[in-house]
Amino acid sequence: MRTKIIIGNWKMNRDRKETIDFLMTLNHMISKNHLLTDNLDIVLAPSYLSLIAAKTYISRGGLFAKNWLKKLIVSAQDANSEIAGSFTGAVSYNQLKEEGINYSIIGHFETKSIFHYSNEDINKKILSLTNNNMNAILCVGDTKEDKENNNSISSVLEQIETNLKGVLIDNLEHLIIAYEPIYAIGTGNPVSVENIIEIINAIRNKISQLYSLDAAETVRIIYGGSINSANYMEYMNEDNIDGLLIGKTSLDVTAFYDIIYGTSQIITNKYPSLGNNYFLLKKKELANTSKPLPKKLKERESKYSSQQNANNYKTNIDENITKSSVDAIQQIKNSEITSVQDEQD
Ligand code: PGA
């Protein structure tokens, strides 16, 4: 099974303080309610200026250090393919790597239209990243005209072919493909699940032709375009959609948290053996001490003893999410921001 992935693309929004504020709040929300599975990757792509602050906060573990936070991946939104040189305004893949940033979105439609990156430029970026043990989130997408002229599949596959030219099969583990139809980005109108699956299947076939069936089955292919906390479930429920690239909604910590939490519920309900990792970890931790399992943990564990009970628990959690999110933000604003800022200054 491919691990699902949720990627937040902040574009040119939020400063350093706001980034830390967001991470603290998210950390608090997740720590308080506990994710139901470890089998979910979470990525955040803030602006260049916030990357190091985010990375530092995460490696310190924040004030509510939990295992999940250490797993949060910080990604850049673009990377120059050259190691160094006269590229005013650019940041090289190597500079990112030196700061411990091993992921970058590449070829987002906005970078193609604003900075005029060609598919060949994107190919160079993908090669630089994947040849250097870095991970590329490659965006491909069709235009409205492509769709109207029934050219969506051929347009996307052409991009895949050019963008992946020379990428080694052994380096495909460093690749995530995001299908982002241009007419769905920032419009509030996501593409239907059926349309997405058609394109994703075509991409998988292409990967199979270019590489191997095994490679095609392993590579993660996700969707991006107008996903929010009200519509993500339909997409995340699909086995063929490995995750979501989320723009605007990822700026809202409560909405982003709801999507993460809801997805962890989907994974746990579909694949119970992948769930309950929090309980397993906690039990393992307590097994090394003479402490009995706390009453609260026992109660939670028994609530998960059957699918039906898990669903009941899900409903309770759903009802509590909004309230706990608001409480969390308030609590953190009151107490923690000041102490972390003191620490940083
Ligand atoms: P959106 O953006 O979720 O705001 O539509 C998606 C993206 O640009 O990656």
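Where is His174 found? In this predicted model, His174 is found in the loop between H8 and strand S6, the strand that covers residues 175-179. The points below begin with the ligand and the residues around it, then turn to individual residues in loops, helices and a strand.

**The ligand and its surroundings**

- The ligand sits in the second largest pocket of the protein, and there are 13 residues around it, of which Lys11, His108, Glu180, Gly186 and Ser226 come nearest.
- Sorted by class, the shell around the ligand is made up of 6 polar residues, 4 nonpolar residues and 3 charged residues.

**Loop residues with a positive phi**

- Lys11, which is one of the residues that come nearest to the ligand, is found in the loop between strand S1 (4-9) and helix H1 (16-33).
- The phi angle of Lys11 is near 55°, which is a positive value in a residue other than glycine.
- Lys11 counts as partly exposed because its relative accessibility is 22%, a value that falls between the 20% limit for buried and the 50% limit for exposed.
- Asn150 is found in another loop, the one between helix H7 (144-148) and helix H8 (152-163), and its phi angle is near 60°, again a positive value in a residue other than glycine.
- Asn150 counts as exposed because its relative accessible area is 72%, and exposed here means over 50%.

**Buried residues in helices**

- Asn123 has its place in helix H6, which spans residues 119-131, and it counts as buried because its relative accessibility is 11%, while the cut-off for buried is under 20%.
- A polar atom of the side chain of Asn123 lies 3.3 Å from the backbone oxygen of Thr162.
- Thr263 lies in helix H12, which spans residues 253-270, and it is buried, with a relative accessible area of 0%.
- Along the sequence Thr263 and Leu36 are 227 residues apart, yet in space they are 9.3 Å apart when the distance is taken from C-alpha to C-alpha.

**Buried residues in a strand and a loop**

- Asn135 lies in strand S5, which spans residues 135-140, and at 12% relative accessibility Asn135 counts as buried.
- Asn135 and Ser75 are 60 residues apart in sequence, and their C-alpha atoms are 9.0 Å apart in space.
- His174 and Arg220 are 46 residues apart in sequence, and the separation in space, from C-alpha to C-alpha, is 9.9 Å.

Definitions and conventions: Residues numbered from 1 in each chain as written. Predicted model: local features only at pLDDT ≥ 70, side-chain atom pairs only at ≥ 80, totals over all residues. Heavy atoms only, no water. Near = heavy atom within 4 Å. 1 Å grid on protein atoms, 1.4 Å probe; cavity = no way out; pocket = protein on both sides within 12 Å on 5 of 7 lines; lining within 4 Å. Sits in = over half its atoms within 2 Å of the grid points. Nonpolar A, V, L, I, M, F, W, Y, C, P; charged D, E, K, R; others polar. Helix = DSSP H or I, 4+ residues; strand = E, 2+ residues; numbered from the N terminus. Buried < 20%, exposed > 50% of the residue type's maximum accessible area, 1.4 Å probe, protein only. Polar contact = N/O pair within 3.5 Å; in protein donor to acceptor, adjacent residues only side chain to side chain.
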